[in-house]
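Please read the following points with the structure open beside you, taking them one at a time. They are written as a colleague's notes for someone new to reading protein models.

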Amino acid sequence: MRKALIYLALSAGAVVFAYPFVWMVLATFKPEAEIGNLSLLPSVWTLESYRLVFETIPIVRAFLNSLVVAAVVIASVLVFGSATAYSLAKLRWKGRDTVFNLMLFTMMVPFMVMLIPLYTMIVEFGWTDSLIGLIVPFMMNATAVLILRQSFVTLPTDILDAARIDGCGEWRILFTIVWPLSIPALVTAGIIVFIGNWNEVLWPLMVIRNEDWMTMPQMVALFTVGGGAQARLGPQLAAAVLLALPIAAVYLVFQRHFIASLASTGVKG
Amino acid sequence: MHKTKHSTRLPGERSGLLMAAPYLIHLSIFFGYPLLFAFVLVFHRWDIVTPMEFIGLRNFARLFQDDLFFRALANTGVFLVIHIPLQIIVALFFAELLNRKLRGRSFFRTVYFLPVVVSGVVVAILFQRLFAFDTGYFNGLITSMGGTRVPWLVSPKWAMPSIALMATWKNVGFYVILFLVGLQNIPASMYEVATIEGASTWQRWWRVTLPLLNPMLVTVVVLSTIGGFSLFVEPYLITGGGPMNSTLSSVLYIYNQAFSFNHMGYAAALGLFFALVILMVVLLQRRLVEEDIY
């Protein structure tokens with residue numbers, strides 16, 4: 001009886017969180033006039049909404065832009081971020097603790113302080129309307145470094161010393177010994193950076209005006225706000241579904257990692 | 001075993017700094033410089049095209065007479081007053097239900113977490129449909145049951161609460177997981193002691209669970225607050241800050257000042273002030289929540 005009630009409540013929750021998505025996906029296959037009614041299934045299935053999206057905006061190009069930005073940012077954060085994390089966790093040098101405290105300080109400064117000065121700087125560098133402006137400011141990430149450092153600290157120093165005696169340089173130790181032992185932390189850092197980067201809208205809206213360099217969330221947002229969708233509901237929802245698709249797919253494959261990774265940022269915060 | 005006494009030649013005196021160098025360089029260019037420049041910018045008028053003009057404290061003087069600045073703060077307040085309690089109650093409810101051996105536990109977790117990973121743009125477009133006055137799903141449901149339509153996004157009174165509701169729907173899965181971690185960290189022995197002493201289920205919950213969950217509660221309140229001040233996509237996409245500026249958020253106002261009016265100096269001053277307000281609110285909350293429970 002008690003168990004049944006628990007399942008009932010949990011299922012009600014599942015409906016509340018999943019049903020809107022189900023409704024949205026099915027609505028994109030409805031004729032425009034049907035989107036306003038309550039029925040879940042279309043009376044006639046049509047791809048018209050998607051056709052209009054692909055005809056009006058270069059959404060594939062935006063997807064590729066997003067992909068390039070995310071890939072470069074993640075690669076950079078993992079390579080240089082883990083070098084920093086390794087240096088902070090396993091090497092001893094003058095000023096190390098200062099750098100670590102500085103990093104913690106950067107995480108406490110609300111982003112709106114930096115928003116406008118950073119933007120004006122990007123303008124002066126001539127990086128607006130280019131992927132560089134979306135990539136370079138985010139090639140380092142303090143949260144990722146913190147996560148990696150916390151994992152690296154637990155590695156036994158003996159194996160590192162052994163490698164040093166064999167004449168291994170620190171970079172080689174990082175990639176051939178530390179990395180293979182720290183896959184979970186690397187995955188966590190990668191996922192956190194990926195979600196943040198993939199879903200970022202404000203920064204692209206500031207830096208990119210040229211359609212050729214827009215990211216996917218930015219383009220979908222402007223399609224809805226800027227009138228590209230001409231107030232038609234079907235294409236707006238279809239664009240939203242296309243935007244949700246990549247991350248939902250990655251999420252369903254790696255869901256356990258996603259949940260654990262994101263939770264770890266909060267638990268430490 | 002004690003190899004640490006190798007300290008005649010510490011590993012990394014040189015390579016340590018070298019490996020952290022990319023981070024330090026990046027930090028000084030993309031954090032240090034903008035942070036310092038923020039304190040220059042706030043004393044200037046600048047449209048980013050013509051040269052900067054020093055205007056002393058005029059940006060701040062203006063800020064204290066700016067109705068929209070206070071409006072954005074008040075709107076954020078409305079958002080937080082609804083969002084934080086709602087989020088805590090709903091998240092605790094589901095975390096408590098999930099904190100037991102159950103078949104399908106990971107299924108429910110996965111579903112609850114789905115809105116968290118999906119872009120805010122998707123959620124905004126979706127809820128714009130659900131909240132629509134004439135053709136929206138919610139009002140369709142309400143009228144089909146004989147009720148009258150709710151002016152979700154079209155009335156200045158309802159718009160911000162509607163957005164708070166939507167944000168709660170999007171984020172609550174994240175907080176379910178945080179509370180779940182918190183609940184699982186409470187040692188079972190604590191409950192055993194309480195049970196032996198004759199505490200009822202409710203008493204155990206109030207006297208054991210809640211106090212021990214306090215650190216997590218602080219985290220949730222602080223993260224939600226920062227989230228509330230960072231609100232941008234939803235009002236930008238759905239209401240544009242309206243109706244009658246009732247959903248103008250801090251970040252949206254900074255964005256408008258910078259990009260609709262090219263007031264870079266004033267926008268930077270706004271950013272600085274909103275950040276100060278965040279820090280003050282967070283410090284206050286920490287103090288309140290911590291005192292409240294003990």
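1. In this predicted model, the largest nonpolar core holds 199 residues, and the residues with the most contacts inside that core are M206(A) and F179(B). Its largest share, 15 residues, is supplied by helix α7 of chain B, which runs over residues 156-184. As background, nonpolar side chains tend to be buried together in soluble globular proteins.

2. Which residues does F179(B) touch, once those up to four places away in sequence are left out? The contacts of F179(B) are I88(B), A91(B), L92(B), A95(B), L213(B), M216(B), L217(B) and V220(B).

3. Turning to the interface, 91 residues of chain B are in contact with 97 residues of chain A. The area buried between chain B and chain A comes to about 8,300 Å², and carbon and sulfur atoms give 79% of that area. On the chain B side, M19(B), Y23(B) and F30(B) lose the most area to chain A, and together these three make up 10% of what that side buries.

4. Between chain B and chain A there are 0 salt bridges, while 10 residue pairs are found in polar contact across the interface, counting pairs with both residues at pLDDT 80 or more. The side of chain B that touches chain A receives the most residues, 19, from helix α1 of chain B (residues 15-41). Sorted by class, that side of chain B has 68 nonpolar, 15 polar and 8 charged residues.

5. Chain A, looked at by itself, has 14 helices and 0 strands, and its C-alpha trace spans about 70 × 65 × 35 Å along the principal axes. Of the 269 residues in chain A, 54% are buried. Among contacts in chain A with a separation of 6 or more, 70% are between residues 24 or more positions apart.

6. P137(A) sits in the loop of chain A between α6 (131-135) and α7 (142-153). Is P137(A) buried or exposed? P137(A) counts as buried because its relative accessibility is 7%, where the cut-off for buried is under 20%.

7. The surroundings of P137(A) include residues of both chains: leaving aside neighbours within four places in sequence, P137(A) is in contact with L118(A), I122(A), I132(A) and W203(A), and also with H26(B) and F30(B). F30(B) is also one of the residues of chain B that lose the most area to chain A. By comparison, P110(A) lies 27 residues from P137(A) in sequence and 16 Å from P137(A) in space, C-alpha to C-alpha.

Key
Residues are numbered from 1 along each chain as its sequence is written. Chains are lettered from A and ligands numbered from 1 in the order in which they are written. Side-chain values use heavy atoms; hydrogens and water are left out. A nonpolar core is a set of buried Ala, Val, Leu, Ile, Met, Phe, Trp, Tyr and Cys residues joined through side-chain atoms within 4.5 Å. Buried means under 20% relative accessible area, exposed over 50%, partly exposed in between (1.4 Å probe, protein chains only). Helices (H or I, at least four residues) and strands (E, at least two) are DSSP runs, numbered from the N terminus. Contact means heavy atoms within 4.5 Å. Buried area is the accessible area (1.4 Å probe) that two parts lose on being put together, summed over both. A salt bridge is a side-chain nitrogen of Lys or Arg within 4 Å of a carboxyl oxygen of Asp or Glu. A polar contact is a pair of N or O atoms within 3.5 Å; within protein, one must be able to donate a hydrogen and the other to accept it, and residues adjacent in sequence count only if both atoms are side-chain atoms. Ala, Val, Leu, Ile, Met, Phe, Trp, Tyr, Cys and Pro count as nonpolar, Asp, Glu, Lys and Arg as charged, and the others, Gly among them, as polar.
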